[in-house]
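Student: I'd like to learn how to read the features of a structure like this one. Could you walk me through it?

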Amino acid sequence: MEVVMEVVEQLKSWIEVGKESDFPIQNIPFGIFKTPGGSARAATRIGDTVIDLNALAQQGFLDGLDIDHGIFRYETLNPFMALGRPVCRKVRQRIAEIFEAGNPILRDDAEWQADILYPLHSVQMLMPVHVGDYTDFYSSIEHATNVGIMFRDAANALFPNWKHLPVGYHGRSSSIVVSGTDIYRPNGQTKSDTSETPDFGPSKQVDFELEMAFITCTATGLGQPVPVETAEDHIFGMVIFNDLSARDIQKWEYVPLGPFLAKNFGSVISPWVVTLDAMEPFRIAGPQQDPVVLPYLRSDKPHNFDVQLEVFIRPENQQEQLVCRSNYRYMYWNLAQQLAHQTVNGCNINVGDMYASGTISGPNPGTQGSMLEIAWKGTRPVRMADGSERKFINDLDTVIMRGYCVKENLRIGFGEVVTKILPAIPYQS
Ligand code: MN
């Protein structure tokens with residue numbers, strides 16, 4: 001049974017998939033899960049059913065694909081990702097065949113199903129990859145312009161380098177965690193404009209940053225740049241990324257070397273890694289780049305993707321409230337250019353490295369990807385349903401980010417990133 005997923009948009013699974021689900025049989029993302037008393041292992045998902053890939057492999061369903069029987073028994077996806085995109089493609093293809101509506105082999109075998117399938121609510125999703133290195137770019141022109149206007153002025157909003165290279169910085173991987181992890185409000189140094197000396201205490205300006213991140217699946221050597229035209233061969237897939245930021249700490253510390261403790265107290269990702277193959281139907285061209293970029297950043301192919309993004313704030317014991325609706329397609333610098341730039345100096349990359357886009361803001365009101373922009377440095381607070389106002393995120397607020405692609409009858413999504421902010425832990429020396 002040959003199934004070419006990218007063209008078979010009508011393909012149906014024998015597993016029930018709701019109309020609004022991000023996870024039809026065309027998605028087949030990868031994640032790491034555990035069941036009560038069980039060990040961490042790899043899974044995919046159709047609808048709200050989690051499919052144990054280790055069990056699937058052990059039962060022989062993935063035989064003949066040139067993969068080790070135990071490739072899905074690890075607590076990260078790194079060993080599987082390292083096999084590369086062509087192997088991943090064959091595995092997704094096989095999974096689509098097994099779960100296609102007309103295939104009775106697993107569909108009609110309750111015993112096998114009991115070993116392989118789990119309702120989503122019965123499992124815990126874990127960090128899907130071991131992140132070696134983490135880069136955060138700054139690639140949305142609307143976000144960079146908004147921040148530039150707020151902290152400098154409209155005439156000098158973008159620094160002279162911004163349209164010539166994808167600006168970024170090396171972040172910290174230890175504090176990248178999976179959706180559902182609560183994050184403590186950070187303590188740190190801040191300095192008000194009216195004070196001569198800094199204060200110490202809980203940040204008063206904890207913010208979200210709506211981002212997406214891609215994950216690499218190859219290891220290159222020092223001195224081996226990744227060309228823009230083949231950059232996507234090195235990219236396994238993407239997740240939604242909430243890059244929590246403490247604006248008051250950031251403002252005091254960032255000169256001259258950039259963000260530091262304002263950005264590394266917790267960044268939260270969605271648990272399912274969606275492959276670039278699954279995103280292929282939603283590929284589009286990005287914004288026109290003017291001036292023309294240097295040759296090593298030039299590509300004739302479209303490298304943007306139409307991913308609708310939403311951010312909600314849910315105050316404690318209340319309903320969630322939409323605060324932002326943006327789209328990954330707004331990115332001025334695309335992922336292929338980011339990876340080409342990251343490596344052009346000979347910097348090597350590794351399996352599991354993560355590269356976040358930078359805050360994704362759009363051109364219209366309501367499309368700004370951070371509270372800093374939405375409330376415009378606190379001057380335009382957001383009114384919540386209970387009458388309270390938000391300039392930034394309050395203690396016990398939960399931030400929810402969702403992302404999905406829609407085209408005709410096909411919807412493929414990333415699920416959600418859910419992050420609750422807890423009160424700061426009092427600092428004790
Ligand atoms: Mn960021």
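**Strands, a metal site and a helix**

Tutor: Gladly! Let's begin with pairing: strand S1 (residues 31-34) runs antiparallel to strand S5 (residues 124-126), and the two are joined over 3 bridges. Keep in mind that this is a predicted model.

Student: How many residues lie between S1 and S2 in their hairpin?

Tutor: There are 6, and Gly37 in that turn has a positive phi of about 80°.

Student: Now the metal site. Which protein donors does the manganese ion have?

Tutor: A donor here is an N, O or S atom within 2.8 Å of the metal. The protein donors of the manganese ion are Asp136 (OD), Glu209 (OE), Glu211 (OE) and Asp243 (OD), at 2.1 to 2.2 Å. Along the chain their spacing reads D-x72-E-x1-E-x31-D.

Student: Why does the pair Asp136 and Glu209 tie together parts that are apart in sequence?

Tutor: Asp136 sits in strand S6 (residues 134-137), while Glu209 is in the loop between strand S12 (206-207) and strand S13 (210-216), so the pair links parts 73 residues apart in sequence.

Student: Are Asp136 and Glu209 buried or exposed?

Tutor: Buried means under 20% relative accessible area, and both Asp136 and Glu209 are buried.

Student: How many residues of helix H6 are buried?

Tutor: In H6 (residues 141-151), 8 of 11 are buried, including His143, Asn146 and Met150. The buried residues of H6 pack against helix H10 (371-374).

Terms used
Residues are numbered from 1 along each chain as its sequence is written. This is a predicted model: local features need pLDDT of at least 70, side-chain atom pairs count only at pLDDT 80 or more; totals for chains, interfaces and linings use all residues. Side-chain values use heavy atoms; hydrogens and water are left out. Donors are N, O and S atoms within 2.8 Å of the metal (3.2 Å for Na, K and Ca); water is not among the atoms, so sites may look incomplete. Helices (H or I, at least four residues) and strands (E, at least two) are DSSP runs, numbered from the N terminus. Buried means under 20% relative accessible area, exposed over 50%, partly exposed in between (1.4 Å probe, protein chains only). Two strands pair if DSSP finds at least two bridges between them. Contact means heavy atoms within 4.5 Å.
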